[in-house]
Amino acid sequence: MAIQTLTRDIFDVKDLNLWYGDHHALKDIHFPIQKKEVTAMIGPSGCGKSTFLKTLNLMNKMIPNVKITGEVNFDGQNILNPKTDLVELRKHVGMVFQKGNPFPQSIYDNVAYGPRIHGIKKKKHLDEIVTKSLMDVALWDEVKDRLNAPALGLSGGQQQRLCIARALATKPDVLLMDEPTSALDPISTLKIEELIFELKEKYTIVIVTHNMQQAARVSDKTAFFLMGEMIEFDETTKIFSMPKDSRTEDYITGRFG
Amino acid sequence: MNSKTADRLATGVFILIATIIVAILAGLFFYIFINGFKNISLEFLTSPSSNVRAGGGIRDQLFNSVYILFITMLITVPLGIGGGIYMAEYARPGKVTDLIRTCIEVLSSLPSIVIGMFGLLVFVNTTGWGYTIFGGALALTIFNLPTMVRTTEDAIRAVPRDLKEASLALGITHWHTIKTVILPSAFPSILTGAILAAGRVFGEAAALLFTAGLSTPRLDYTNWNPFSEQSPLNIFRPAETLAVHIWSVNTQGLIPDVEEVSSGAAAVLVISVLIFNLAARWIGSMIHKRVTASK
């Protein structure tokens, strides 16, 4: 999947509909996501924002009875095509979850896990990747003396940064973040937000958040979801200063949700 | 009666029940150890059993028990873990899976004497092997496999979903995720389950009566050729285990010291099972500490 240079849209979603059994969870979503931007998705619980995020790397396919129609074009290829190689897709589209979920292994092994399985065997090369990934998430200084210590011994915020490092180690183009700071204290949250700001130099980031201030702080574009529909999508500054739709306005001013 | 009194009463009742359970267990151990310990000596453990004269030991029976257990686990563990992985990770919810699950449950509730009868029919008569260690081990496998499958399935299901998702999201295949993330996380529970199952197998008598037999050939412990008749390692020889020995000396023993031999053997059996249980807990918690880095 070579990156196309003609368009800046890395993802182009068209007519996306998704059902969990009878529940129509996503309705006619149209959504372009641009390269090296941070796109935030906000909305009340159950509005479909996480479901949408998990469609971008097809994590949804694990759920029984899920039906997806429409197009999700990644680099010009529709990943909803059944022939899509999930392994290849997920190498390019990494994901960070709500709660830090390091493997019960050492710090080093956690970061080296993806590259190792994707075929990098040389110790020196792995060392480089681990060092660089940990530096990218500003964790290197905190853990460089104990790379062989168990990852579960780290604090919650460190674990989450480790998970981001683990996702970066496979050299993705896109990083999906599903409420990455909802389980963290304010200081750790701030660190992750600063990190997102730096990461967008190199990566495209799509982030789901409950926290509207967070969306306003870190993102370039914001999409507002409600009841499975995407109500509004625009520059973050516009969404938060002069939303076009009254429902968006109600939500961001805290009148519901 | 007000709710505070009821609460105190409930607490009292539960403490009483717990005390009864502990008392039964303690009494049982006390009885077995008091009667058994005076009969256990190095000589008792290292001399062969006797048919008519007093002073026989349990050397061969002890070895047979351990050896049958070893062979059984060699068959059960891979099959059981494989079955558990299938049930937890691959089986789609539906009629077929329900049928498999029902079969496993029925299998686990079969009386062991029935498994012994089945073993006699298949592993002894149909195959023409006669009473053998291997036949006994296969019967014990039938007895043990459901527990092993169940243990593995439960252990795998207890692995946080997060970990599996994290691995899949890194572009790791399902099988690789099972191999490198799920199984290592589930390992302590699987190991504990396997050791507990081993304890159960170690004390099993009924399933072995008609499969491994009630006798042991004269064994030569210097003969390590597994195909030789006298070799203890031969898996196609009859082998009386400790539990079967206790049964047989009590029902058809001609020796004058039946009481001493059976209580000594019983104590050895109980101590072994106790060791299995303690080892399971100790090893399980040790591995758990190591992987989770908790103190």
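**Exercise 1.** Work out which hand the crossing of α6(A) and α7(A) has, and which residues make the contact.

*Solution.* Next, the geometry: helix α6 (residues 156–168) and helix α7 (residues 186–199), both of chain A, pack at about 20° with axes 9 Å apart. That makes the pair roughly parallel, a label for angles under 35 degrees.

Now the contact (C-beta atoms, placed from the backbone, within 7 Å). From α6(A) come Gly156(A), Gly157(A), Gln160(A), Arg161(A) and Ile164(A), and from α7(A) Ser188(A), Lys191(A), Ile192(A) and Leu195(A). Sort them and you get 3 nonpolar, 4 polar and 2 charged, with Gly counted as polar.

A quick note on the source: this is a predicted model, where local features need pLDDT of at least 70, side-chain atom pairs count only at pLDDT 80 or more, and totals for chains, interfaces and linings use all residues. Residues are numbered from 1 along each chain as its sequence is written, while chains are lettered from A and ligands numbered from 1 in the order in which they are written.

**Exercise 2.** Find how many residues of strand β8 (residues 204–208) of chain A are buried, and which strands pair with β8(A).

*Solution.* Burial goes like this: 5 of 5 residues are buried (20 or more other C-beta atoms within 10 Å of the residue's own, C-beta atoms being placed from the backbone). Thr204(A), Val206(A) and Val208(A) cover one side, Ile205(A) and Ile207(A) the other.

Then the neighbours (pairing takes at least two DSSP bridges). Strand β3 (residues 38–42) of chain A runs parallel to β8(A) over 4 bridges, with Met41(A) opposite Val208(A). Strand β7 (residues 174–178) of chain A is also parallel to β8(A), joined by 5 bridges; there Met177(A) partners Ile207(A).

How values were computed:
Axes are lines fitted to C-alpha atoms, for helices over the stretch in contact, and angles run from 0 to 180 degrees between N-to-C directions. Helices (H or I, at least four residues) and strands (E, at least two) are DSSP runs, numbered from the N terminus. Angles under 35 degrees count as roughly parallel, over 145 as roughly antiparallel, 65 to 115 as roughly perpendicular and the rest as oblique. A crossing is left-handed if the near helix is turned anticlockwise from the far one by less than a right angle, and right-handed if clockwise. Two residues are in contact if their C-beta atoms, placed from the backbone, lie within 7 Å. A residue is buried if 20 or more other C-beta atoms lie within 10 Å of its own, exposed if 12 or fewer, and partly exposed in between; C-beta atoms are placed from the backbone.
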